Amino acid sequence: MWTTSHIFNTLVELNEKSEIIPSLASEWEILNDGKTYRFTLRNDVKFHQHVCFGDDSTRLFNAQDAIYSLQRIIDKKVNSPGSWIFENKLDEKQPFTKISDYEFEIHLQKPFRPLLSILTMQYCSMVPEEIVDCLGDKWRDEPIGTGPFAFKKWIKNQNLFLVKNKDYWTDLGNLDGIKVNFIQDRKIAFLEMFNGNLDLVTGLESAFINELLTKEGNLQIKHENEIAYIKSPYLNTEYIGINQEILDENHPLRNKDFRKALNFGIDKELMLKTLRNGVGHPANAGFTPKGLASFDETLIGYQFNLGKAKKHLAASGINLQNMEPLKIHANQDYADIMIFISKQWQQLGIKTDIEIMESSILREGMRKGTIPLFRASWIGDYPDTENFMSVFYGENGAPPNYTRFDDPIFNDLYQKSNLEEDDEERTDIFRSMDSILIEECPVIFLFYDQSSNFYSKKISNMYHAMNNLPKVDLLEKH
């Protein structure tokens with residue numbers, strides 16, 4: 001995502017406050033009672049240079065490029081993994097209309113409030129048709145966009161190099177280029193940063209966390225002269241998903257009281273304190289993360305309570321002695337958290353096994369629905385609660401609905417939220433949906449994440465609520 005957002009532009013984008021601002025579209029208006037969006041495009045944007053453009057090596061971006069790029073997302077021949085963003089939303093007969101060289105329209109079946117937010121996603125990056133056609137299968141290896149940095153070189157599994165786009169329409173600060181290192185072991189990445197070879201490492205590493213952070217979640221004093229640290233709200237909810245669709249009718253996970261017992265049986269405060277040095281907040285108020293307007297900390301979800309856990313276990317009628325161990329599927333990065341949770345559930349007499357899988361294999365199993373219990377996260381694609389509620393909308397496939405949750409009342413509320421124009425009313429709808437998720441618990445709620453970015457003091461302007469890379473200024477040439 002980070003690399004894509006540097007090579008490509010979208011029609012609109014998010015600023016550091018997660019507000020929608022112009023990008024390739026200079027302005028827009030909403031017509032036809034919310035079913036038509038008309039965009040006026042910039043007329044001074046050039047694609048990165050490539051021989052496939054012919055003698056001029058580039059050309060101006062226009063309305064036909066916008067239509068092609070969005071049409072490509074829903075083209076069954078392309079089979080884009082992002083096709084779900086427009087599913088059941090676009091007018092089937094005429095989704096897009098060109099008005100002029102720098103004007104076009106998007107037509108919807110019915111009003112959909114988060115459309116502009118969806119258009120900020122990397123799926124909606126603008127691409128040139130002739131380059132895609134010219135390169136064919138090589139297109140993935142030579143991406144051409146309009147973004148602030150142009151693709152230079154990609155050494156698979158090692159490095160990716162980008163260079164400043166000298167034709168960009170706005171100031172880029174004083175970075176001449178970006179080098180991305182594909183370091184599988186985060187411990188090595190942190191060592192490289194300490195040695196001055198990396199300017200930015202994002203995320204936490206369990207083996208390094210105490211070296212970097214105090215138990216209160218602050219940067220260790222000994223590193224203050226070398227690096228800076230930003231911990232900020234991040235639109236990401238961590239959870240353990242339950243796919244009941246593939247379970248036998250008598251399986252314990254089909255029992256709502258049993259699922260509630262699992263939720264009440266995790267001391268999330270202790271988990272975050274001991275394993276993440278206080279980075280994150282316990283997910284005690286539903287699925288909507290902190291940082292969104294509809295987040296409601298007064299919603300009563302699942303705070304650690306052994307008494308309630310045991311009460312729901314008794315109400316479930318599950319014979320724990322005869323029960324097969326629950327198998328949690330997770331990737332290596334979350335092994336320590338899964339071990340913690342396993343020990344917590346063992347206090348209730350619930351036996352568990354943990355199966356560590358490669359991330360790609362885990363995601364494929366979640367997508368195909370072959371894994372009943374899996375550690376997952378939903379990172380906001382855009383700052384609208386609809387995006388988080390879409391994870392449980394019954395008509396959505398996987399992604400985003402990996403649990404295959406399908407509740408008629410929840411589905412009706414979801415559709416209603418997309419038509420509601422009043423912000424307060426819409427927030428109330430979202431809170432009602434969260435209440436349903438708390439009651440039905442198709443997931444084990446873990447925590448609302450915070451972004452942890454460790455970076456060289458030679459750069460500034462690092463903060464972004466979507467944990468995307470905003471414009472970065474180089475304070476010292478190096």
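Analyst: A residue is called buried when its relative accessible area is under 20%, exposed when it is over 50%, and partly exposed in between. The model is predicted, and in it Cys441 has 0% relative accessibility and therefore counts as buried. Cys124, at 1% relative accessibility, falls under the 20% limit and so counts as buried.

Turning to the pairing, a disulfide requires two cysteine sulfur atoms within 2.5 Å, and by this rule the count comes to 1 disulfide. That disulfide joins Cys52 to Cys134, with an S to S distance of 2.0 Å. Because Cys52 sits in the loop between β4 (36-41) and α2 (63-74), while Cys134 belongs to helix α4 (residues 129-135), the pair ties together parts that are 82 residues apart in sequence. The torsion about the S-S bond of Cys52 and Cys134 is about -55 degrees, so the disulfide is left-handed.

The accessibility of the two bonded residues can be judged by the limits already given. Cys52 has 21% relative accessibility and therefore counts as partly exposed, and Cys134, with 46% relative accessibility, likewise counts as partly exposed. Taken together, the disulfide links Cys52 and Cys134, with Cys52 partly exposed and Cys134 partly exposed, whereas Cys124 is buried and Cys441 is buried.

Terms used:
Residues are numbered from 1 along each chain as its sequence is written. This is a predicted model: local features need pLDDT of at least 70, side-chain atom pairs count only at pLDDT 80 or more; totals for chains, interfaces and linings use all residues. Side-chain values use heavy atoms; hydrogens and water are left out. Helices (H or I, at least four residues) and strands (E, at least two) are DSSP runs, numbered from the N terminus. Buried means under 20% relative accessible area, exposed over 50%, partly exposed in between (1.4 Å probe, protein chains only).
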